[in-house]
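Please open the model in your viewer and keep the selection panel at hand. The stops below go from one selection to the next.

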Amino acid sequence: MDTSSQNMLRMLIRVLTERMFKHLRKWFVTHFFGHSRQRARLVSKDGRCNIEFGNVEAQSRFIFFVDIWTTVLDLKWRYKMTIFISAFLGSWFFFGLLWYAVAYIHKDLPEFHPSVNHTPCVENINGLTSAFLFSLETQVTIGYGFRCVTEQCGTAIFLLIFQSILGVIINSFMCGAILAKISRPKKRAKTITFSKNAVISKRGGKLCLLIRVANLRKSLLIGSHIYGKLLRTTVTPEGETIILDQININFVVDAGNENLFFISPLTIYHVIDQNSPFFNMAAETLPQQDFELVVFLDGTVESTSATCQVRTSYVPEEVLWGYRFAPIVSKTKEGKYRVDFHNFSKTVEVETPHCALCLYNERDARARIKRGYDNPNFSLSEVSETDDTKM
């Protein structure tokens with residue numbers, strides 16, 4: 001191998017080595033330090049609230065057991081199924097012990113060697129296993145007919161009535177909790193989606209913040225209402241620091257912000273005027289801002305008449321200045337309207353003023369050019385002309 005080939009090989013190895021170390025450094029920084037640079041957000045993109053309650057008194061924790069229905073509904077599925085299985089197995093085994101105790105006290109078990117004329121409280125209970133099976137048959141009303149209560153024992157009759165009533169209560173509560181968990185309107189909210197980013201651009205001659213929202217089902221949300229909250233840290237004139245200070249953000253569509261006809265994706269917008277908290281922001285200063293925009297959509301599910309709420313949030317890195325959303329609705333040759341969700345979060349760069357104040361100053365300057373101004377100090381004085389020419 002000649003010298004030129006060796007030099008070329010060394011150069012190639014050096015380039016490949018530098019690229020490899022560059023990718024390794026990027027991967028290391030992203031995986032080990034990237035998460036620390038992420039902004040803390042109160043509401044995640046899928047609507048979950050990132051909040052933790054600390055130092056709650058024991059008396060306050062007891063309130064959760066008082067409202068046991070809501071507590072069970074809010075449990076995760078793995079805990080709910082554990083309680084579901086434990087409630088039935090525990091009640092069957094508990095009453096099985098009671099039936100075994102009744103048979104033991106009445107001396108119906110084989111180890112007592114009952115006489116031929118002996119009438120037991122429960123037929124064919126020979127031990128703890130058979131008592132458990134009879135408890136299971138009684139509570140779930142199977143009734144195989146092999147084991148049954150006789151009329152000779154009042155204690156057994158009372159225990160049968162008590163277990164039947166308690167079994168109905170357990171069945172009603174646990175089955176109702178499972179059904180309510182499945183049919184919660186929170187699941188309907190999963191089919192409402194927001195755009196990944198919010199954009200700022202001109203709309204109708206005004207600078208607006210725009211967000212796209214879509215209903216993935218053909219069934220409507222009745223009485224839909226959309227609004228927003230801007231969360232940021234503020235300091236009051238008295239020197240108090242408020243970590244999660246909330247400011248109302250009004251979102252509208254062309255037909256208003258209430259009773260939305262939510263059959264196709266909608267682009268909601270917030271007008272950035274003098275009353276907007278975004279008025280003093282600019283394209284250059286937006287990434288350095290510290291805020292979180294939380295958007296809410298309330299509505300009533302058409303099929304179940306249950307109310308639901310959908311939430312999402314946007315941090316400054318997710319607000320794109322100088323962009324608009326790509327078209328998403330088209331009309332086919334057959335006369336149907338088609339929604340292409342491939343362009344749902346796609347944005348297109350457009351010409352946009354770099355701040356709201358610049359837009360309003362530009363509009364005022366154009367308006368001043370078109371209209372004139374009166375000078376209040378100007379006065380017209382008439383001068384009488386004299387003819388000094390003598391004939």
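How many disulfides does a search of the whole structure find? The search finds one disulfide, where the term stands for a pair of cysteine sulfur atoms within 2.5 Å. Before selecting it, note that this is a predicted model, in which local features need pLDDT of at least 70 and side-chain atom pairs count only at pLDDT 80 or more, while totals for chains, interfaces and linings use all residues. Residues are numbered from 1 along each chain as its sequence is written, and side-chain values use heavy atoms, with hydrogens and water left out.

Select C121 and C153, which the disulfide joins with an S to S distance of 2.4 Å. The link of C121 and C153 is right-handed, with 75 degrees about the S-S bond. C121 sits in the loop between α4 (77-105) and α5 (128-139), and C153 in the loop between α5 and α6 (154-182), so that the pair, 32 residues apart, links distant parts of the chain; helices (H or I, at least four residues) and strands (E, at least two) are DSSP runs, numbered from the N terminus. C121 is buried at 1% relative accessibility, and C153 is buried at 8%, where buried means under 20% relative accessible area, exposed over 50% and partly exposed in between (1.4 Å probe, protein chains only).

Now move to L209, I211, L293 and L297, the residues with the most contacts inside the largest nonpolar core, which has 37 residues. Such a core is a set of buried Ala, Val, Leu, Ile, Met, Phe, Trp, Tyr and Cys residues joined through side-chain atoms within 4.5 Å. Strand β7 (residues 291-301) gives the largest share of this core, five residues. Apart from it lies another core, of 13 residues, including F95, I125, A131 and L159.

Centre on I211, whose contacts (heavy atoms within 4.5 Å) include F194, F251, L293 and Y314, not counting residues up to four places away in sequence.

Finally, show the whole chain, which has eight helices and 13 strands, and in which buried residues make up 30% of the 391 residues.
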